[in-house]
Amino acid sequence: MAIARPIRMLGATCILLALFLVFQIHQGPNGSSSKLTYGMSRDPLLDPTGEPAGELWRAEDHNYAPDSAKSDRTNAALISLVRNEELHDLLSTMKDLERTWNNKFNYPYIFFNDVPFTEEFKRETQAATKAKVQFELVPKEHWEVPSWIDMALFKESAQLLEDQNIQYASKISYHQMCRWNSGLFYKHPALEKYRYYWRIEPNVRFFCNVDYDVFRYMEDHNKTYGFTISLYDAPQTIPSLWPETRAFLAANPSYLSDNNMWDWITEDQARPEHTQGGNGYSTCHFWSNFEIGDLDFFRSEQYDAYFQHLDRAGGFFYERWGDAPVHSLGVGLFADSNNVHWFRDIGYNHIPFYNCPNSPKCSGCEAGQFFAGADFLAKEDCRPSYFKYVGTH
């Protein structure tokens, strides 16, 4: 006996619904379905991930002995602005980085603090590596609040941000840290002899064995900046950053790179409310708790003049400008975008976000995982916009 057409249609609908539910279940809370938006049809980290193309420097082929007078290390260092009370979390970071990379290459660590390091801090960090470890004070003039900042206005502005649940709004040391990381770190005398830096922070994780010298990769391929994670910022913290940046560009049009990232910086379709709140800036930025950079770029006339302009504008204190958007705008506007590199092969986690490649060299994270926690964190992923407008190089 033939089945009536309405019954057949109902049965087909049920089958399709069941298949959809199965698909959703298999995607899971960290699955690609929560991230594949704004033009990214597939997360590149789900595909097999290898090393960067080209000739790479390896420890077995060169001299990377920790105390060698003729080492093949280039002039580069691992750096961190860190407090004495963060020792335990910093040792956790060092353990991961030594295990996955630096035990092969023995690049020096330089730790910065606005107060002297304790003997325990020095002893424990040096014991965690065969490489040299250096301990430096941030100069007082780099850390103190600039004379042109009105502290009454700072307190009033901080209260307005706190009323919007903006973290660290009233914590003056947080504002000082963001300012130092934005435009003063590269002026520290301890970094004068160095060309490249890899910034690390306490309580981050590294998941993948990296068997080549990443600093030599940066040097040999003329890379200006390397990142792992790209996010959206809270527009409430940077409403005048882009207007001030536009004012700077209007006064210095020759500083703009011919191959810049303007379209990525001003993209307004993915999260239009962010671009509106950022007064024309998408708020996309490289998450600077991991960054590998060329100090010559940050010392350049263009970037340093840009920082000086921003510093005088006061937004590091009257708003909550972070070093991540400031670095990102500087790199995105003044560097050649071809010289920015996504280190897709370096597995990395700073709570709650991940960069986790699909590679046999990685363990401890799920390939393609972007976040751990509530599903709303998925919308903070700015990589789809970056890949669309800049690429995955």
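**A guided reading of the predicted structure**

Arg312 lies over the face of Trp148, 3.7 Å from the ring centre; a charge is said to sit over a ring if NZ of Lys or CZ of Arg is within 6 Å of the ring centre and within 35 degrees of the ring normal. Likewise, Arg271 is placed over the face of Tyr232, at 5.1 Å from the ring centre. The model is predicted, and local features need pLDDT of at least 70, side-chain atom pairs count only at pLDDT 80 or more, while totals for chains, interfaces and linings use all residues. Residues are numbered from 1 along each chain as its sequence is written, and side-chain values use heavy atoms, with hydrogens and water left out.

Helices (H or I, at least four residues) and strands (E, at least two) are DSSP runs, numbered from the N terminus. H6 comprises 12 residues, 172–183, and spans 17 Å from its first C-alpha to its last, close to the 16 Å expected at 1.5 Å a residue; the expected span is 1.5 Å times one less than the number of residues. Nine of the 12 residues of H6 are buried, so the helix is largely enclosed by the rest of the structure. Here buried means under 20% relative accessible area, exposed over 50%, and partly exposed in between (1.4 Å probe, protein chains only). Among the buried residues of H6 are His175, Arg179 and Trp180.

Arg179 leads from this helix to another. Its side chain forms a salt bridge with Asp311, the closest N and O atoms being 2.8 Å apart; a salt bridge is a side-chain nitrogen of Lys or Arg within 4 Å of a carboxyl oxygen of Asp or Glu. Because Asp311 lies in helix H12 (residues 301–313) and Arg179 in helix H6, the pair ties together parts that are 132 residues apart in sequence. Asp311 is buried, with a relative accessible area of 3%, and Arg179 also counts as buried, at 6%.

The whole structure holds 21 salt bridges. In one of them, Arg199 joins Asp323, with the closest N and O atoms 2.8 Å apart. This pair links distant parts of the chain, since Arg199 is in strand E4 (residues 196–199) and Asp323 in helix H14 (residues 323–334), 124 residues apart. Both Arg199 and Asp323 are buried. A further salt bridge connects Arg299 and Asp296 (3.2 Å, N to O). Arg299 is partly exposed at 29% relative accessible area, as is Asp296 at 40%. Elsewhere, salt bridges that share partners join Glu51, Arg58, Lys104, Asp211 and Lys361 into one network.

Phe297 and Tyr303 form a tilted pair, 5.8 Å centre to centre with 50° between the planes, and both residues are buried. One aromatic cluster includes Phe297 and Tyr303, together with Trp180, a buried residue of H6.

Two strands pair if DSSP finds at least two bridges between them. E5 and strand E11 (residues 348–350) pair in the antiparallel sense over two bridges, and Arg205 stands opposite Asn349 in E11.

Note on methods:
Rings of Phe, Tyr and Trp (its six-membered ring) pair if their centres lie within 6.5 Å; planes under 30 degrees apart count as stacked, over 60 as edge-to-face and the rest as tilted.
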